[in-house]
Amino acid sequence: MPRDSKVVIHGDEWKRADIQEAVTYCRHQTWHEASWTRRDALVERSGTIREYIGQAYDPTKFKLVRRGWSHDHCEICWWRLCEEEGEQHSVGYTDGRDWICSECYHQFIELGEGQQDI
Ligand SMILES: [Zn+2]
């Protein structure tokens, strides 16, 4: 497969070379299908948001916002995963930390016939 060949994800054309690294990384992870749900977040005074996973934080600098983590992006195509925009956005695959969209999973990660050779 030539490196400058194209692939279509969510109707957009991508150069294979541009997603190759992410796909290679993702193929080494173990993914399971899951519904994306909001998670808790720590919001800094500057506006920076980080996910709250139970870590210690300084309450004078951060505010804990329940369900404040509003979305993630697909590791491969940057598709938005969130609760609000229908199944294409609300169902994806996670390795427990990162997320990929269903389309990338089926197109690049899932083993079997028709898997795109990147
Ligand atoms: Zn994707």
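**Figure 1. The largest nonpolar core of the predicted model.** The largest nonpolar core comprises 17 residues, and those with the most contacts inside it are Cys74, Ile76, Ile100, Cys104, Phe108 and Ile109. Two or more residues each are given to this core by strand 1 (6–9), helix 1 (16–27), strand 10 (99–101) and helix 3 (102–109). Helix 3 supplies the largest share, four residues. The structure shown here and in the following views is a predicted model. In soluble globular proteins, nonpolar side chains tend to be buried together.

**Figure 2. Surroundings of Ile76.** Ile76 is among the residues with the most contacts inside the largest nonpolar core. Beyond its neighbours within four places in sequence, Ile76 is in contact with Trp14, Ile19, Ala22, Val23, Cys26, Ile100, Cys104, Phe108 and Ile109. A second, separate core has six residues, including Trp36, Trp69, Leu81 and Trp99.

**Figure 3. Packing of helix 3.** The buried residues in helix 3 are Cys104, Tyr105, Gln107, Phe108 and Ile109. The partners against which the buried residues of helix 3 pack are strand 1, helix 1, strand 9 (91–94) and strand 10. Cys104 and Phe108, both buried in this helix, are also in contact with Ile76.

Figure 4. Cys101 is buried, with a relative accessible area of 0%. Cys104 is likewise buried, at a relative accessible area of 0%. Cys77 has a relative accessibility of 8% and also counts as buried. With a disulfide taken as a pair of cysteine sulfur atoms within 2.5 Å, the count comes to zero disulfides.

**Figure 5. Glu75 in the loop between strands 7 and 8.** Glu75 is found in the loop between strand 7 and strand 8. Its relative accessible area of 30% makes Glu75 partly exposed. Not counting residues up to four places away in sequence, Glu75 touches Ala22, Cys26, Asp98, Trp99 and Ile100. The C-alpha atoms of Glu75 and Tyr25 are separated by 9.3 Å, although the two residues are 50 residues apart along the chain.

**Figure 6. Asp98 in the loop between strands 9 and 10.** Asp98 is located in the loop between strand 9 and strand 10. Asp98 is buried, at a relative accessible area of 13%, whereas Glu75 is partly exposed. Aside from neighbours within four places in sequence, the contacts of Asp98 are Tyr25, Trp31, Glu75 and Tyr93.

Figure 7. The domain assignment divides the chain into domain 1 (1–36 + 72–118) and domain 2 (37–70). The centres of domain 1 and domain 2, taken over C-alpha atoms, are separated by 27 Å. Eight residues of domain 1 are in contact with six residues of domain 2. Pro59 lies in the loop between strand 5 (49–51) and strand 6 (62–69). At 63% relative accessibility, Pro59 is exposed.

**Figure 8. The chain as context for the close-up views.** The secondary structure comprises three helices and ten strands. From the N terminus on, the elements run β-β-α-β-β-β-β-β-β-α-β-β-α. The C-alpha trace spans about 55 × 25 × 25 Å along its principal axes. Of the 118 residues in the chain, 32% are buried. Among contacts with a separation of 6 or more, 54% are between residues 24 or more positions apart.

Definitions and conventions:
Residues are numbered from 1 along each chain as its sequence is written. This is a predicted model: local features need pLDDT of at least 70, side-chain atom pairs count only at pLDDT 80 or more; totals for chains, interfaces and linings use all residues. Side-chain values use heavy atoms; hydrogens and water are left out. Buried means under 20% relative accessible area, exposed over 50%, partly exposed in between (1.4 Å probe, protein chains only). A nonpolar core is a set of buried Ala, Val, Leu, Ile, Met, Phe, Trp, Tyr and Cys residues joined through side-chain atoms within 4.5 Å. Contact means heavy atoms within 4.5 Å. Domain bounds come from an automatic or database domain assignment.
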